[in-house]
Amino acid sequence: MPKIITTISLKGGVGKTTITAALAEFMSLEFGQRVLVVDLDSQINLTTMMIGENEWWELNNKGLTLATAFRDAIEGTSNFDVQASIQRGVSSVKRVTGVDLLPSSLDLISLQEQLSALRVAEGSTTAAVNILGNAIAPVAAFYDYILIDCPPNIGPITLNGLAMSDGYIIPTIPDVLSTYGIPQIQTHIAKFGRELGRDIVELGLVITKYKSNSAIHNATVRNLRRDREIQNVLPVYLAESNAIAASALFSKYSTLKVKYGNAGQFDQLREITKHIMTEAEAKL
Ligand SMILES: Nc1ncnc2c1ncn2[C@@H]1O[C@H](COP(=O)(O)OP(=O)(O)O)[C@@H](O)[C@H]1O
Ligand SMILES: [Mg+2]
């Protein structure tokens with residue numbers, strides 16, 4: 001069965017989507033893994049990064065996104081077609097052939113509210129959290145890793161991602177405001193795991209947009225690393241770089257080095273991927 005990892009933080013703009021996409025591509029090309037990425041964010045960033053807006057628009061019109069799975073659960077229908085919704089070989093890097101995508105939809109905004117209402121009506125913290133897991137179950141065994149990208153909140157859609165996850169990573173920019181929400185998310189996930197009756201394992205904090213010449217970045221990283229009991233800070237940091245920012249553009253690239261940059265970025269992302277896979281092998 002695949003190892004299922006959620007990328008999560010309460011803060012937006014910390015590089016969740018970027019790191020999820022890169023992890024998938026590096027796992028596939030550098031480490032030969034079959035990877036499914038799942039976009040749970042109604043901002044559809046991961047989806048448009050992978051397949052572009054035009055293709056997303058067509059899929060969305062045909063109901064071939066995760067919104068259909070959640071709508072089915074709310075309305076009692078069974079329209080979601082997992083095989084048809086999965087987009088295969090989606091990486092913008094030519095040589096990466098092993099990354100598939102389950103696309104998101106803007107409709108998740110309103111569905112999230114309906115799901116919340118359903119959960120309140122059922123009066124249980126674990127109500128309506130297995131919709132995603134059930135929807136993906138028929139194809140899960142085909143993958144080595146399933147990576148789930150979340151919106152920056154812990155609403156019912158995110159809980160669906162966590163409920164099917166073995167572990168999670170928290171990307172963070174090492175500055176004051178970005179790190180504030182980390183203890184809350186850790187506590188919340190631990191509590192949710194207890195409610196589900198199993199552990200959702202923290203694999204580590206991924207330092208993103210790191211500026212080696214920033215005093216505050218270095219002080220924050222030092223503080224985070226000091227709390228070893230509380231969290232495992234992955235030892236390789238992803239630097240802030242123009243090439244990585246540009247990689248969000250839906251465009252074709254010949255290699256991972258061309259896409260992400262070869263002034264350290266390729267090596268950082270490769271090492272980060274390796275560390276996460278090592279943690280996953282050991283802990284999940
Ligand atoms: N290491 C990095 N260097 C430069 N820009 C980055 C880096 N990581 C992410 N970005 C950019 O920062 C913005 C937010 O990143 P994103 O991955 O969308 O964050 P999130 O998913 O947490 O909201 C995007 O424009 C993205 O391209
Ligand atoms: Mg995002």
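Let me begin with a definition: a polar contact is a pair of N or O atoms within 3.5 Å; within protein, one must be able to donate a hydrogen and the other to accept it, and residues adjacent in sequence count only if both atoms are side-chain atoms. This is a predicted model, in which local features need pLDDT of at least 70 and side-chain atom pairs count only at pLDDT 80 or more, while totals for chains, interfaces and linings use all residues. Residues are numbered from 1 along each chain as its sequence is written, chains are lettered from A and ligands numbered from 1 in the order in which they are written, and side-chain values use heavy atoms, with hydrogens and water left out.

I turn to ligand 1. An oxygen atom of ligand 1 lies 2.8 Å from an N or O atom in the side chain of Thr 17. For the side chain of Lys 16, the corresponding distance from a ligand oxygen to an N or O atom is 2.9 Å. A nitrogen atom of ligand 1 is placed 2.9 Å from a polar backbone atom of Ala 239. Of the 560 Å² of accessible area that ligand 1 has on its own, the protein covers 81% (Shrake-Rupley method with a 1.4 Å probe; for residues, only the protein chains shown count as cover).

Which residues come nearest to ligand 1? Of the 15 residues around it, they are Gly 13, Thr 17, Thr 18, Lys 209 and Ser 241, where near requires a heavy atom within 4 Å. Helices here are DSSP runs of H or I of at least four residues, strands are E runs of at least two, and both are numbered from the N terminus.

Helix H1 (residues 16-31) also holds Glu 25. Is Glu 25 buried or exposed? Glu 25 is buried, with a relative accessible area of 0%; buried means under 20%, exposed over 50%, and partly exposed in between, with a 1.4 Å probe and protein chains only. The side chains of Glu 25 and Ser 91 are joined by a polar contact of 2.6 Å. Beyond four places in sequence, Glu 25 touches several residues, including Val 93, Leu 256 and Tyr 260, contact meaning heavy atoms within 4.5 Å.

Next, two further helices. Ile 131 belongs to helix H6 (residues 131-140) and is buried, at 13% relative accessible area. Apart from neighbours within four places in sequence, Ile 131 is in contact with Ala 69, Phe 70, Ala 73, Leu 115 and Asn 160. Val 221 sits in helix H10 (residues 215-226) and counts as buried because its relative accessibility is 5%.

Finally, the backbone. Ile 44, in the loop between strand E2 (35-39) and helix H2 (45-61), has a phi near 45 degrees, a positive value in a residue other than glycine. Ile 44 is buried, at 7% relative accessibility. Ala 128 lies in the loop between helix H5 (108-122) and H6, and its phi is near 55 degrees, again positive in a residue other than glycine. Ala 128 is buried, with a relative accessible area of 16%.
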